[in-house]
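Trainee: Could you go through this one with me? I'd like to check the labels against their cut-offs.

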Amino acid sequence: MAALDHPSDRADDASEGLSRQLLVIVDPFARRADGESVRIAKDVLCAGAAAKVCLPQNPEDFAKALAKRGARRPVLVGDDRALLRAVSLLHRERELAGAVLSMVPVGSSVSLARSLGVPGGTVAAARAALYGAERRLDLLVDDSDGVVLGDLRIPPVAEAPDASLARPWLRTCRSLVRSLAARPVRVAPPDSAAPARLRVEADGVTLVDLDQPVEGVSVGPTTGTGLARVEVRCPSAAPLTVQARTVTVTGQDFRYRADSVAIGGPVRRRTWTVREGAWGLALP
């Protein structure tokens with residue numbers, strides 16, 4: 001893991017607002033996905049603060065860099081997986097409450113970061129990391145100590161591909177496949193599976209039981225309320241939506257997708273609890 005120190009004339013502003021002593025952790029996937037955006041992010045951050053840049057090669061290096069941050073404020077240059085990894089590590093070490101994260105989204109999956117309010121542009125996100133204000137956000141924590149920043153879905157629903165990320169070689173491959181296939185095979189979308197049998201409880205109240213088929217469940221924190229938004233979809237019925245502090249789902253070997261990037265399970269029972277204002281993110 002490589003590390004570089006970049007002093008700045010503006011580092012004396014540490015006493016104003018968020019710490020200007022930064023630990024810039026550049027996710028290896030971001031370096032491979034978009035090296036130019038990574039370079040721009042480092043230039044902006046190092047020009048505006050006393051920044052130590054770390055280039056971890058694997059998740060173990062990532063964890064070590066975060067653990068040795070000292071008084072420096074972590075700035076993640078990467079995608080949603082990097083953000084989720086950092087929050088998960090800090091939560092497991094019980095250091096999440098005292099940390100304020102910043103993020104510069106780089107990579108193919110950054111919808112979570114944008115939904116949280118992180119600017120999509122590299123320069124704008126880097127400036128938010130330098131000059132933004134801390135915002136406390138709610139967190140979903142499950143009974144296995146896993147975390148959810150945005151929302152979770154049961155069963156897991158795959159995201160549609162982002163057309164803007166298509167590369168010429170990918171389009172060429174797809175064209176070749178289409179030309180060779182006399183009759184393309186129709187594949188059912190992931191969310192068209194047969195309804196599951198699940199018991200969904202919100203704050204101890206049963207919303208649906210195992211005798212009622214369920215097409216899908218979604219759960220997500222509603223920051224500022226300390227409650228989660230719970231939606232249950234059943235065949236031939238309007239979606240049922242409630243708010244609750246704890247949500248328990250019981251069923252036979254079900255899986256779930258957390259924050260569109262992590263698949264959990266299979267499990268037969270899982271409880272998620274809202275932690276109000278559990279983590280901090282620097283936003284414009």
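Mentor: What follows is a talk about helix packing, a pocket and a few backbone details.

Mentor: First the ground rules: this is a predicted model, where local features need pLDDT of at least 70, side-chain atom pairs count only at pLDDT 80 or more, and totals for chains, interfaces and linings use all residues. Residues are numbered from 1 along each chain as its sequence is written, and side-chain values use heavy atoms, with hydrogens and water left out.

Trainee: Why is α2 called roughly parallel to α6?

Mentor: The axes of α2 (residues 35-48) and α6 (residues 122-131) cross at roughly 30° and come within 9 Å. Angles under 35 degrees count as roughly parallel, over 145 as roughly antiparallel, 65 to 115 as roughly perpendicular and the rest as oblique, so α2 is roughly parallel to α6. Axes here are lines fitted to C-alpha atoms, for helices over the stretch in contact, with angles from 0 to 180 degrees between N-to-C directions. Helices are DSSP runs of H or I with at least four residues, strands are runs of E with at least two, and both are numbered from the N terminus.

Trainee: Which residues of α2 and α6 make the contact?

Mentor: Contact means heavy atoms within 4.5 Å. On α2 the residues are Ser37, Ile40, Ala41, Val44, Leu45 and Gly48, and on α6 they are Thr122, Val123, Ala126, Arg127, Ala129, Leu130 and Tyr131. They divide into nine nonpolar, three polar and one charged. Ala, Val, Leu, Ile, Met, Phe, Trp, Tyr, Cys and Pro count as nonpolar, Asp, Glu, Lys and Arg as charged, and the others, Gly among them, as polar.

Trainee: And what makes α3 oblique to α4?

Mentor: Helix α3 (residues 59-67) packs on α4 at about 55°, with the axes 11 Å apart. That angle makes α3 oblique to α4. Phe62, Ala63 and Leu66 of α3 meet Ala82, Arg85, Ala86, Leu89 and Leu90 of α4. The classes there are seven nonpolar, no polar and one charged.

Trainee: Which residues are closest to the centre of the second largest pocket?

Mentor: Leu84, Ser88, Gly146, Val147 and Ala262, out of 14 lining residues. Eight of the lining residues are nonpolar, three polar and three charged. At least two lining residues come from each of α4 (80-92), β7 (147-148), β15 (246-258) and β16 (262-283).

Trainee: Where does Pro155 lie?

Mentor: Pro155 is in the loop between β8 (152-154) and α7 (168-180), and the peptide bond from Ile154 to Pro155 is cis, with omega near -10°. The bond from Gly265 to Pro266 is also cis, with omega near 5°, and Pro266 sits in strand β16.

Trainee: What is the phi of Asp145?

Mentor: Positive, about 75°, although Asp145 is not a glycine. Asp145 is found in the loop between β6 (133-142) and β7.

Technical notes:
On a 1 Å grid over the protein atoms alone, a cavity is a set of points where a 1.4 Å probe fits but cannot get out, and a pocket is an open set with protein on both sides within 12 Å along at least five of seven lines; lining residues have an atom within 4 Å of a point.
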